[in-house]
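Trainee: I am new to this structure and would like to learn how to read it. Could we go through some features one at a time?

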Amino acid sequence: MSYEKWSLGYAILKKYVQFADWLIYKQIIVNGLENIPKNKPVIFAPNHQNALSDPLAILLNTKFQPVWLARADIFKNKTAAAILKFLKIMPVYRMRDGKENLAKNDETFASSVKVLENNFALGLFPEAAHSGKRQMLAHKKAVPRIVFMAEEKAGHNLDIQIIPTGIFYSHYWKFNRTLIVNFGDPIPANEYLEQAKTNENAATLALRQRILDEMQSLVLEIKSTKYYDDFETIREIYGRHYLSRQHQKYSALNLFHSDQKLVKKLDALEENNPEETEKLVQAVKKYATQIKKLKIRNWLVDNPNMNLLKLGLNKLILILGLPVFLFGFVFNAIPFFAIDRITRKKIKDKGFWSTFFLVLGIIVFPIFYLIEIFAVSWIIPGIWLKLAFFVAMPITGKVAFLWYILFRKTVGRGRLLLLKLFNKKEYSNLFKQKDLLFGKLEELLPVSLSKIE
C-alpha cells in the first residue's frame, strides 16, 4: 500500500469508526473546516493530549486520509507494523532507537514528500508526545524540518500549508464526553523558504514559534504547574457561572471560549498575586472536599432552583425509559464492563484509556453482538427483524448509558432534597460556603465581554 494513494479499505474502516465515535461522544463540534485549503498539500499540526484519540479527532472529521508520523518503537512487532501501515502511520526514528536506525528516516521523509506532492495530508504533533493534561508540552522542531526537507526535495514547488489545530475534550476518557476541534488559519511554508535557504535554524525556530502562537487561541491551556489541578477544579466548579456573568447562553462552544478566558485570568492571578491565589486555592479545596463528602455534584448547588419539579420529571422519564434501558444493558453490559475493567487494570497511563477502549470496543462489541443475535435468533422471525435487532443493540446501548446518567442525576437531586429537609444547618452552610467562594472568585476575576482575550 502506498501512503499517498486513497485506500478503499481505510475509507470503509473510517466509516465504521465514525459510527463508534458517534456512540462514544455526546457532542462533536468542528470549527474552521473552511480554513483547510483545497488542492494543496496540507500538514495538520494539533496539540497532543489523548493518544490515538487526537489523530482520530482530525481524520474522522475531515475528508482526508491523513498520513501520520509516529515514534518508531511501536513498529517493532511485525503485526503491529502491518496494522500501522494500513492506518497510514509511518515510523520516525530517534537517537534512542539506535544511531544505526536514523538512516531509515530517509525512507519516511521520501514517503512524506510523495504524500505532499500528491496533495494529500500529513499529520504531525509539534509536541512529539502526549501530555494527558490541558497543557502543551514544548514544541519540537519536527514540523519545520520536515516542511523544509520536503520543499527542498521537491524544488520548493509544493506550497505546503500548515494547519494549526486545537483539540479539546470535556473529559479525556469518560463515555459521553464532548469533543471540539478547531482548525486555525493556514500557515504558508513559502513565507519561510527564503530564510531557510540562508539560515535554516533561524527559519525553523521562527516557524515553530509561529505554529505555537497560532495554536494558543485554538486550545484550552492551563499554564500553571503548581496549581494545575486546582485551576482545573475551579474551571469545573465555576465555569458555567463565569459564562453566565458574561451574559452568554450555555453551549459547549460558548463554555469553551469562556473557559479560555477563565484559565488565563487564573494564570495571571498566580503570576501577579500569588498570596491571594493560595488563599483562593485553599477555599476551593475546602468547598470541593465538602461537596464530595456530601456526595453532591456542584451543578446542583450552583443551580438548585426547581429541584423538586425536575426530580419528578426525571423519575417519570426513568420509568418510561426503563424497558429501553434494560434492553440496552442486557446486550451491552458484558463487553462494556469487561473492556472497562481490562483497560483500567492493564493500562497505567490514563492518556491511553480512551484509545484502548475504542480499539477493543470496535473489535469486541461486534463479536458479542453476533453471539447474542445467534442466541436469540430462534425467537426473531425474518431476516429484516434480525437485522433491525442487530442494529438496535449498539444504539440502545448508548440510550442505556444516557438513562444511567439521568438516574445518577436524579439520585443527586434526591440527596440534595433530603439534605434540605432533614439537615437544614448543613444545607445552609453548604450554600453559604459556595456563595463566599463565588463572591471571592467574582472579586478576583473581573469579567470581560470580549470573545477571546
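Mentor: Start with how elements are named: helices are DSSP runs of H or I with at least four residues, strands are runs of E with at least two, and both are numbered from the N terminus. Keep in mind that this is a predicted model.

Trainee: In which helix does F19 lie?

Mentor: F19 belongs to helix α1.

Trainee: Is F19 buried or exposed, or something in between?

Mentor: Buried means under 20% relative accessible area and exposed means over 50%, with partly exposed in between. F19 has 34% relative accessibility, so F19 counts as partly exposed.

Trainee: Which residues make the nonpolar surface patch?

Mentor: The patch covers about 870 Å² and is made by F19, W22, V324, I383, W384, L387, V391, I395 and V399. Two elements, α1 (8-24) and α14 (383-422), each give two or more residues to the nonpolar patch. The largest share, six residues, comes from α14.

Trainee: How should I read the packing of α13 and α14?

Mentor: Two packed helices are described by the angle between their axes and by the distance between those axes. Helix α13 (residues 353-376) packs with α14 at an angle of about 135°, and their axes are 10 Å apart. That angle makes α13 oblique to α14. The crossing of this pair, α13 and α14, is right-handed.

Trainee: At what angle do α12 and α14 pack?

Mentor: Helix α12 (residues 307-346) and α14 pack at about 140°, with their axes 5 Å apart. Angles over 145 degrees would count as roughly antiparallel, so α12 is oblique to α14. The crossing in which α12 passes α14 is left-handed.

Trainee: Now the backbone. What is the general idea with phi?

Mentor: Most residues other than glycine have a negative phi. N39 has a positive value, near 60°, and is not a glycine. N39 sits in the loop between β1 (25-31) and β2 (42-46). At 70% relative accessibility, N39 counts as exposed.

Trainee: What is the phi of A51, and where is A51 found?

Mentor: A51 also is not a glycine, and its phi is positive, about 50°. A51 is in the loop between β2 and α2 (53-59). With 8% relative accessibility, A51 counts as buried.

Trainee: How many salt bridges are there?

Mentor: A salt bridge needs a side-chain nitrogen of Lys or Arg within 4 Å of a carboxyl oxygen of Asp or Glu. By this rule the count comes to 13 salt bridges. One of them joins the side chains of D159 and K40, at 3.0 Å from N to O. This pair links distant parts of the chain, 119 residues apart: D159 is in the loop between α5 (142-153) and β6 (161-169), and K40 is in the loop between β1 and β2. K40 counts as partly exposed, at 33% relative accessibility.

Trainee: How far apart along helix α12 are D340 and R344?

Mentor: D340 and R344 are four residues apart in helix α12, so about one helical turn separates them. Their side chains meet in a salt bridge of 2.9 Å, N to O. D340 counts as partly exposed at 21% relative accessibility, and R344 counts as partly exposed at 40%.

Trainee: Which residues are linked in a network of salt bridges?

Mentor: R134, E232, R235 and D259 are linked in such a network.

Conventions
Residues are numbered from 1 along each chain as its sequence is written. This is a predicted model: local features need pLDDT of at least 70, side-chain atom pairs count only at pLDDT 80 or more; totals for chains, interfaces and linings use all residues. Side-chain values use heavy atoms; hydrogens and water are left out. Patches are made of residues with over 30% relative accessible area and no salt bridge: like charges are joined within 9 Å, nonpolar side chains (Val, Leu, Ile, Met, Phe, Trp, Tyr) within 5 Å. Accessible areas come from the Shrake-Rupley method with a 1.4 Å probe; for residues, only the protein chains shown count as cover. Buried means under 20% relative accessible area, exposed over 50%, partly exposed in between (1.4 Å probe, protein chains only). Axes are lines fitted to C-alpha atoms, for helices over the stretch in contact, and angles run from 0 to 180 degrees between N-to-C directions. Angles under 35 degrees count as roughly parallel, over 145 as roughly antiparallel, 65 to 115 as roughly perpendicular and the rest as oblique. A crossing is left-handed if the near helix is turned anticlockwise from the far one by less than a right angle, and right-handed if clockwise.
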